[in-house]
Amino acid sequence: MAASSLGSSASEGGATKRNAVKDYLDQDSKRDVHVFHLATEVAESPENKIPILLLKLKDILKGPPFGSRELKQLKEDIYYYDLIQYCVLVLALDFRNIRGQWFTAVQLADILSTVCVGLDPKNDAEEFHGKVLPSAADNLMLLARRLQARFLKADEDDDKQDFLRYFHHVTDSLCWLLSGHAHLTPHVFQSDQLLQLLLTDDMETTVIMVSVLLSILQLNRTLLLSVKERSIQLILDEVIYELFENTNPVIGSTCIKIMLLIVESHPPTLQMLRNSYKVRFKRGSMGYSRAVDDASSHQWEQSVKAAESLPLHCGVLFQDFF
C-alpha cells in the first residue's frame, strides 16, 4: 500500500513544482543517490512506516561539512525530492502508534529545522517560502502543543520529565527554524497556536514559552511593524498575566524583558500600555503585591534599570508603572 494521503499532499503544486524539479535535476545529473533511494522508498511505503524512514535523513546530513556547498546541494536534493514536505506532514500524525512514538517525532522536528536552515531553493522559492516554511512552523507548534498536553496529563514523574524534555527540544527546533528564516516570525507571532502554548498555568512549560517568545522578538526587531495590533495586545495580555500570577523569578524577569522589547520595537505600544494595562500595574491585590513582596523584588529593581537603557519616553513610562 503506498502512502496515498501523505503522498498526495506532498505532491501538491502540480505542473509548477514538477517543472521546478525538472529544471533543478537537469542542472546536474550527479544527485545524492542516498536521497534518491530514500525518496523512492518513502513514496512506496505505508503511512505509518514513513516517519521511521525519514529518520535516515539524520545520517545523510552528517556527510558534508557544515556550511559547505555540498551540504547546500544535499538540502536542495532533499527538498526537490519532496522529503522536507513529508517531514512537515508527518509531524501532524499521532505518534502513539509509530515506532519510537513521541521521541521519533522530536527527532523529525530536529531534522526538519536542520534541513530548512540554510536552504533557499531558487527554482521553487515562492512555494518554499510561502507554503512549506509556514506549514513547517505550524506543525512544529502543533507538535509542541501535543507534547505540552501530554506533559500536563502524565502521572509518572519519569513520563513527565520525558515529555517536558521533548517539549523543550521541539521549541528549540522552532527557534532554530526561525533563526534561519526570520521573515517567518510575524506568522508565528500571530499564530493562535503560539498563543495557546502560552495559555498555561504550568510553571515548567511557561518558563520555556516566555523564553521562546523573547527569542522570536530578538530575532526580528521589526516584526511588530507587520503584525496586527490585536495580536500584540493578546500577547501582552498573557505576558502581563504571567508576570503577576507567577512567583518564578525567571518567568518574571523574562516577561519584563519581553515588555520592554515590545515597547522599544513598537512605540505605539506605549499608549496601549498606558490605556489598557496601567490599572493592573497599580493594583495592590492579587499579582502586584505578591510579585514585589514574595517573589523577587530584585526582578523589579532590574526592570527599572533596564528601563533606564531605553529611549527616554520608554524609560519614564516604565518607571512610572513600577
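Predicted model: local features only at pLDDT ≥ 70, side-chain atom pairs only at ≥ 80, totals over all residues.
**Entry 1**

I looked up where the two helices sit. H9 covers residues 125-153 and H10 covers residues 157-180. Two packed helices are described by the angle between their axes and the distance between the axes, so I wrote down both. The axes come within 9 Å and cross at roughly 165°. Anything over 145 degrees counts as roughly antiparallel, so H9 is roughly antiparallel to H10.

Next I checked who makes the contact. On the H9 side I found a list including Leu 133, Ala 136, Ala 137, Leu 140 and Phe 151. On the H10 side the list includes Phe 163, Leu 164, Phe 167, Val 170 and Leu 177. Sorted by class, the contact has 17 nonpolar, three polar and two charged residues. Among the residues in the contact I also spotted Gln 148 and Arg 150 from H9, and Lys 160 from H10.

**Entry 1: Glu 242**

Is Glu 242 buried or exposed? I looked it up: Glu 242 is buried, because its relative accessible area is 3% and the cut-off for buried is under 20%. Glu 242 lies in helix H14, residues 229-245. Leaving out residues up to four places away in sequence, I see Glu 242 touching Leu 198, Thr 200, Thr 206, Ile 251 and Cys 255.

**Entry 2: salt bridges**

How many salt bridges does a search of the whole structure find? I got six. Side chains of opposite charge can pair when their charged atoms come close.

- Glu 41 and Lys 56 meet through their side chains at 3.1 Å, N to O. Glu 41 is in helix H3 (residues 33-43) and Lys 56 is in helix H5 (residues 56-61), so this pair ties together parts that are 15 residues apart in sequence. I have Glu 41 down as partly exposed at 33% relative accessibility, and Lys 56 as partly exposed with a relative accessible area of 40%.
- Lys 62 and Asp 59 form a salt bridge at 3.6 Å, N to O. Both Lys 62 and Asp 59 are exposed.
- Glu 127 and Lys 131 form a salt bridge at 3.9 Å, N to O. They are four residues apart in helix H9, so about one helical turn separates them. Lys 131 counts as exposed, at 53% relative accessibility.

Terms used: Residues numbered from 1 in each chain as written. Heavy atoms only, no water. Axes fitted to C-alpha atoms, helices over the stretch in contact; angles between N-to-C directions. Parallel < 35°, antiparallel > 145°, perpendicular 65-115°, else oblique. Contact = heavy atoms within 4.5 Å. Nonpolar A, V, L, I, M, F, W, Y, C, P; charged D, E, K, R; others polar. Buried < 20%, exposed > 50% of the residue type's maximum accessible area, 1.4 Å probe, protein only. Salt bridge = Lys/Arg side-chain N within 4 Å of Asp/Glu carboxyl O.
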